[in-house]
Amino acid sequence: MAATPQKPAAATPRRKVSRHRGEGQWAAGHFTPLNGNEQFKKDDDGLNVRTRIETIYSKRGFDSIDPNDLRGRMRWWGLYTQRRPGIDGGKTAILEPEELDDEYFMLRVRIDGGRLTTRQLRVIGEISQEFARGTADITDRQNVQYHWIRIEDVPEIWDRLEAVGLSTTEACGDTPRVVIGSPVAGIAQDEIIDGSSAIDEIHRRFIGSKEFSNLPRKFKTAISGSPLLDVAHEINDVAFVGVDHPEHGPGFDLWVGGGLSTNPKIGVRLGAWVPLDEVPDVWAGVIGIFRDYGYRRLRTRARLKFLVADWGAEKFRQVLQDEYLKRELVDGPAPAEPVERWRDHIGVHRQQDGRFYVGFAPRVGRVDGATITKIADLAEAHGSGRVRTTVEQKMIVLDVEEDQVESLVEGLEALDLTARPSSFRRGTMACTGIEFCKLAIVETKQRGSQLIDELERRLPDFDEPLTINLNGCPNACARIQVADIGLKGQLVVNSQGEQVEGYQVHLGGALGLEAGFGRKVRGLKVTSEELPDYIERVLKRFEAEREDGERFAAWAARASEEALS
């Protein structure tokens, strides 16, 4: 019998060979650049661009700048191109970089620990007036940012800054950014431990060194021995928080993996106690893990928080000990809950030495060069040679004798720099916004200043601690997710059906030992014009419904959507 003919077997579809190379981790042997940023960093270290700025670009002008330097390596020296004037927020994500770029730069001065002498402050003010059209914003990372900087003037600005011990080295870029610290380190009466020497040693050993000048992305550090937890340690890549160990005495509790932007995460404790003299080595170990194991394939996952989330605290600590420190860390306690609701050091406070420090509040961090120079003059006239910037866009004058305090406070008031601010003046922050930032969608600085005035007029008796943070885009430079009222800039539709500037609202975020992210009410968006009405309405409901001693964040977590709308 003839065999039944068999149908030919169907051809097996060929599987596409994947060439995915993991997450681009150097520790896994993945050194081939997987995106343009990694390629330009491999082609030439960002620190090397300074020579080209000094010898070529500053002499031949803006048009001579190589694109990979312009939008990449120049950040290693604190330089970003600013937004070209007249481009509205609706075009932010549409235009090409060269269409958004102005021929002027933002230049960031790094101020580690927020520590300045009055001489340094005066030089900052003079540079502002001579080269930056008077701009000199205080950031929420204790830096100062100029705008309208010409490339031709950069070498001269560097010379003047460096002559007084300041720099812009690694103020931006995929580098170890400014090390923020308690602005009252070494002077506050309630301080657990002074971390200043660790900040100095990290700066001396590692800032400007090619050991850590090619990271997957930026790396943010906080070091504070204040019981007020005054450096937003929960949202830094690494943080050293002052604690008193029952056996070993004062030292630091180690946190890693915090950060905000579009994927916010609260840092995690490793449960390790670090003595002061070991902080720089432990810092180098943590940033070394980031350099070697950090994810370099996608920029959206190239922050330490993603690695920490995948590994967990236990594995992270084990790798830190085994591969980088070559020793065990000591277990230690968590920080105590702060007793103060405000953490910004505003007002008049006695120092360890019996003198006083005076914290004061500019409007949303916006000052100008002339005012900065006057602050230096005023501080010196009242016996001080030291000032500080804070992570809340505020400033502090140190070392004031008791009989000089009231005169200093009055002098500051005359400059619209109050040491006795309302809750609204004290608690409102704003990022750079659409005025200069190429990522922004809405205006922030002027809006924040106007909001302060309007709320002070409408709610003159409101005195609860409250933070209102305005951000021009989703990237959270102004920490919107951890504010009582966080405002994320976006275009919204008003009652006439027109697309206008507005904000998505986050309510009830907080830092501290009860740190958490704000609540988003479904569909709650507010136009810029409606903002004062909305905040007034919500705060009146808070005052009417709150329980005794209840904070705004706690009320917002339990309030009905109707009450928050």
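I count two residues as in contact when heavy atoms lie within 4.5 Å.

**Ground rules**

This is a predicted model, where local features need pLDDT of at least 70, side-chain atom pairs count only at pLDDT 80 or more, and totals for chains, interfaces and linings use all residues. Residues are numbered from 1 along each chain as its sequence is written, and side-chain values use heavy atoms, with hydrogens and water left out.

**Entry 1: Asp399**

I started at Asp399 and looked up what it touches. Not counting residues up to four places away in sequence, Asp399 touches Gln351, Arg355, Phe356, Gly383, Ser384 and Arg386. I found Asp399 in strand 15, residues 395–400. Is Asp399 buried or exposed? Asp399 is buried, because its relative accessible area is 8%. My cut-offs are under 20% for buried, over 50% for exposed and in between for partly exposed, with a 1.4 Å probe and protein chains only.

**Entry 2: the whole chain**

Next I stepped back. I noted 17 helices and 20 strands in the protein chain. Along the principal axes, the C-alpha trace spans about 115 × 60 × 55 Å. The radius of gyration is 25 Å, which agrees with the value near 24 Å that a compact globule of 565 residues would have. That radius is taken over C-alpha atoms, and the globule rule is 2.2 Å times the number of residues to the power 0.38.

Buried residues make up 59% of the 565 residues. Of the contacts with a separation of 6 or more, 69% come from residues 24 or more positions apart. I also wrote down an accessible surface of about 23,700 Å², with 46% of it belonging to carbon and sulfur atoms. This area comes from the Shrake-Rupley method with a 1.4 Å probe; for residues, only the protein chains shown count as cover.

How far apart are the mean positions of the positive and negative charges? For the 77 positive and 89 negative charges, the mean positions are 8 Å apart. Lys and Arg count as positive, Asp and Glu as negative, while His and the chain ends are not counted. Each charge is placed at NZ of Lys, CZ of Arg, CG of Asp or CD of Glu.

**Entry 3: salt bridges**

How many salt bridges does the structure hold? The structure holds 50, each being a side-chain nitrogen of Lys or Arg within 4 Å of a carboxyl oxygen of Asp or Glu.

I opened a few of them. Arg50 pairs with Glu162, with the closest N and O atoms 2.7 Å apart. This pair links distant parts of the chain, 112 residues apart, with Arg50 in helix 2 (residues 49–60) and Glu162 in helix 6 (residues 154–163). Arg50 is buried at 14% relative accessible area, whereas Glu162 is partly exposed at 34%.

Asp69 forms a salt bridge with Arg52, and the closest N and O atoms are 2.8 Å apart. Asp69 lies in helix 3 (residues 67–70) and Arg52 in helix 2, so the pair ties together parts 17 residues apart in sequence. I marked Asp69 as buried at 1% relative accessibility and Arg52 as partly exposed at 22%.

Arg150 and Glu152 form another salt bridge, with the closest N and O atoms 3.7 Å apart. Arg150 is partly exposed at 36%, and Glu152 is partly exposed at 34%.

I then came across a network of salt bridges that links Glu454, Arg457, Arg458, Asp533, Glu536 and Lys540.

Val144 lies in strand 5, residues 144–149, and is buried at 2% relative accessibility. Its C-alpha is 5.9 Å from that of Arg108, 36 residues away in sequence. Leaving aside neighbours within four places, the contacts of Val144 include Leu107, Val109, Ile111 and Ile124.

Glu23 lies in the segment before helix 1 (36–43). I have Glu23 down as buried, with a relative accessible area of 17%. Among its contacts beyond four places in sequence are His30, Tyr295, Arg296, Arg297 and Arg301.

**Entry 4: positive phi**

Most residues other than glycine have a negative phi. Leu229 has a positive phi near 50°; Leu229 sits in the loop between strand 7 (219–224) and strand 8 (238–245) and is buried at 3%. Ala232 also has a positive phi, about 50°. Ala232 lies in the loop between strand 7 and strand 8 and counts as buried at 5% relative accessibility.

How values were computed
Helix = DSSP H or I, 4+ residues; strand = E, 2+ residues; numbered from the N terminus.
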